[in-house]
Amino acid sequence: MLQAQMRDLTGFIETRQQLLTLRPNHRMNWIGFAVAHHLNSNGAKAIEILGAYEGTLEDGYPPDNERCEHGEMLLYKISLLEEYGFLERALEELYKKESKIVDKLAFKEQQVSLLVKLGRLGEGEKVYTALLTMNPDNYRYYEGLQECLGFCSENNQYSSDNIEQLEALYKSLGQQYTWSSAVKRIPLDFLEGEKFREAADNYIRPLLSKGVPSLFSDLSPLYDHPGKADILEKLILELEDSIRTPGAYPGRQLEEPPSTLMWTLFLLAQHYDRCGQYDIALTKIDEAINHTPTVIDLYSVKGRILKHAGDLPAAAALADEARCMDLADRYINSECVKRMLQADQVGLAEKTAVLFTKDGDQHNNLYDMQCIWYELASGESYYRQDDLGRALKKFLAVEKHYTDMTEDQFDFHTYSLRKMTLRAYVEMLKFQDRLHSHAYFHKAAVGTIRCYIKLYDSPPKSATEEDDEMSKLLPSQKKKMRQKQRKAEARAKKEAEEKNEEESNAAGVSKTGKRQHAKPADPDPNGEKLLQVEDPLSEATKYLKLLQKHSSESLETHSFSFEVNMRKQKILLAFQAVKQLLRLDADNPDSHRCLIRFFHKVGSMAAPASDSEKLICSVLVAERPDLSQLHGKSLIEANSHFLEKHKDSLMHRAASAEVLYVMEPEKKSEAVKIIEDSTNNLMLINGALGPVKEWKLRDCISVHKLLGTVLFDPDAASRWKARCAEYFPLSTYFEGLYSSAIAKYALEKMSKAPQNGVPSHQEVFRSRLTHSSNGKLEAFKDLTV
């Protein structure tokens with residue numbers, strides 16, 4: 001078991017062989033020996049062993065109580081034959097052992113896989129037709145049927161003849177499987193123009209009448225197809241207009257129920273949200289809420305729209321209102337917690353999250369349940385608030401979960417052989433080998449590295465340094481600082497006492513009245529010990545190596561590799577990261593930024609003295625001409641060429657401005673001008689009710705931070721903030737006109753204003769604020785901005 005766990009495959013084979021020699025009449029030893037050879041990529045030997053095992057069985061085998069296990073072993077053997085290219089033999093074996101295979105669905109799927117690989121598409125078509133009879137909503141069966149008929153496309157690019165044939169095919173299938181949603185949805189992927197519009201119309205109408213909240217999620221992939229978003233918009237607007245006036249769909253006399261209009265508005269709001277037209281999206285969702293105020297999904301979607309528009313506190317307030325409408329819904333509770341964490345309301349999010357945990361130590365229960373999404377969102381929030389200790393604690397908890405998952409496979413090495421779940425067992429081992437390439441682990445590792453880099457750049461101050469800084473302050477400033485520290489200490493002490501009291505009460509007696517064993521208290525609840533590392537960069541390197549091994553195709557991996565190795569003065573490793581960035585995407589702003597910074601740093605270093613330094617210098621001199629970005633150009637010229645090539649992109653201009661300032665600090669004003677001269681052009685994705693600007697909110701926030709912290713120009717940052725407040729009027733970061741940050745201030749002002757009975761600009765502003773709430777201005781009174 002340890003050899004299988006540690007992937008010591010050579011030793012695993014030897015041990016399995018000895019076990020088989022000692023007990024050859026034990027089935028598990030034969031199967032284990034075969035699996036060991038399979039894991040060691042010796043499929044032919046594994047097949048031979050399974051064949052030898054079958055030769056030891058009697059003619060009447062298996063008995064009724066072992067038919068399932070024996071059938072699984074046969075399917076495993078056939079899958080081995082397929083994997084190693086013995087296709088004819090696998091198909092022959094499959095037909096020969098059909099009577100002994102209990103899982104008939106797996107039998108047919110294995111059969112059709114072999115037939116397609118052998119090129120026997122006619123027979124494969126018949127099997128796929130039989131599979132569709134068993135499950136007409138399985139998309140894989142439709143894809144396989146298309147492949148058998150010669151309609152195979154990776155990017156949904158078909159000729160006009162193929163489209164006509166596919167249309168006829170799905171029309172026939174639709175008549176056969178009238179209850180299947182897949183047979184109606186799939187044609188939307190390949191149809192174009194008027195045919196697409198007609199098919200989408202027929203697909204959308206019954207789902208709007210039934211009130212299916214997930215309709216937009218179903219249609220969302222179509223927005224990646226050129227032109228289809230425009231057709232969908234016009235179609236849904238026509239449906240809305242028809243339902244409003246006659247009360248029925250176009251061309252129909254039967255009147256629709258009132259809820260159909262609400263679900264149509266719901267769909268339109270999500271459509272405009274996807275297209276970036278948040279003002280129209282909010283108008284539609286507000287109308288839907290006024291129509292039917294009791295539908296929870298409306299508040300959830302409005303919160304999502306506000307989040308995309310940049311008003312995170314308002315989004316959290318809407319999500320909390322949706323949660324309060326159904327306190328027993330765990331999904332809505334989780335979505336509310338996520339919105340609160342995005343708005344950096346960590347304390348409130350924790351209290352909301354533990355509502356669905358067991359009695360006792362609720363926060364440890366979240367850890368025990370491996371609630372990774374919560375820990376990631378919480379860690380990101382703590383990082384934004386510069387609480388590196390708590391952020392590291394959350395990110396490292398996720399890393400521990402993945403370690404636990406790796407250890408958990410230990411229980412299956414004998415269990416799977418005993419229960420004969422061999423195909424699932426091998427798949428599980430392959431999954432474990434790529435476990436650390438999962439997106440959640442990538443986010444946790446990136447968060448950990450980011451924390452350690454920040455800790456290295458800004459190490460915590462010692463008590464002596466704090467005393468020295470305190471001695472330089474004025475007496476009034478010292479007094480304020482001490483008062484602030486005393487308040488913070490008292491607040492932390494009170495929170496700790498309340499938490500300990502709650503945990504002791506909950507741990508003592510559960511809701512059922514039973515005594516429970518209290519878990520030991522966390523010795524480092526705030527992660528303060530995690531900050532006391534001697535070398536933060538060496539800690540960051542541990543997680544960086546995991547990313548390089550399992551996420552080598554991610555730009556983020558090599559970007560952090562560059563940052564860490566430049567700080568460690570590992571020149572060749574930093575250059576290796578630069579080359580990987582250029583390989584993956586040479587035009588990416590981060591790739592350009594790292595390339596120029598690297599050679600600028602190398603150019604400013606002292607002349608090489610030691611043999612190793614001379615060797616490194618010779619390597620860089622030899623490699624530089626191979627980089628097309630720098631071939632025959634100075635760094636200034638390369639940066640100018642990059643700017644000219646990508647002059648219409650905000651983030652490319654920002655990268656060019658940053659490296660210009662790094663190379664020539666005296667040209668800060670020129671660097672700032674490069675950013676401020678950027679133009680937010682129109683992006684005509686969807687022109688029925690108005691165009692959309694190109695700039696994204698997250699990019700504008702990044703540029704604002706660049707101006708304030710890297711270029712050190714507060715005036716330029718202030719001008720940029722005022723400019724972006726116009727583009728993103730709902731953004732709390734930029735304090736847009738309709739954001740909850742301004743709404744809270746305006747409400748305070750309006751409550752103090754004299755009432756003279758004359759409509760004023762304040763009342764007009766009050767009406768506009770309804771775009772930032774669900775029609776209840778009171779929702780903003782308790783928002784934390």
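Two residues are in contact here when they have heavy atoms within 4.5 Å of each other. This is a predicted model in which local features need pLDDT of at least 70 and side-chain atom pairs count only at pLDDT 80 or more, while totals for chains, interfaces and linings use all residues. Numbering runs from 1 along each chain as its sequence is written, and side-chain values use heavy atoms, with hydrogens and water left out.

Let's start with Ser-656. Ser-656 sits in helix α36 (residues 650-663), helices being DSSP runs of H or I with at least four residues, numbered from the N terminus. Because its relative accessibility is 1%, Ser-656 counts as buried (under 20% relative accessible area, 1.4 Å probe, protein chains only). Skipping neighbours within four places in sequence, Ser-656 contacts Asn-639, Phe-642 and Leu-643.

Now the cores, meaning sets of buried Ala, Val, Leu, Ile, Met, Phe, Trp, Tyr and Cys residues joined through side-chain atoms within 4.5 Å. The largest has 115 residues, and Ile-31, Tyr-142, Tyr-170 and Ile-204 have the most contacts inside it. Helix α16 (residues 259-274) is its top contributor, with 9 residues. Another core, of 42 residues, lies apart from it and includes Ala-316, Ala-349, Ile-372 and Phe-560.

As for confidence, pLDDT is the predictor's own per-residue score, from 0 to 100. The protein averages 88, with 86% of residues at 70 or more.

| Element | Mean pLDDT |
|---|---|
| Helix α31 (residues 555-567) | 97, the highest |
| Helix α41 (residues 761-768) | 40, the lowest |

Over residues 754-785 pLDDT stays under 50, and the model has 63 contacts beyond four places in sequence for them.

How values were computed:
Helix = DSSP H or I, 4+ residues; strand = E, 2+ residues; numbered from the N terminus. Buried < 20%, exposed > 50% of the residue type's maximum accessible area, 1.4 Å probe, protein only.
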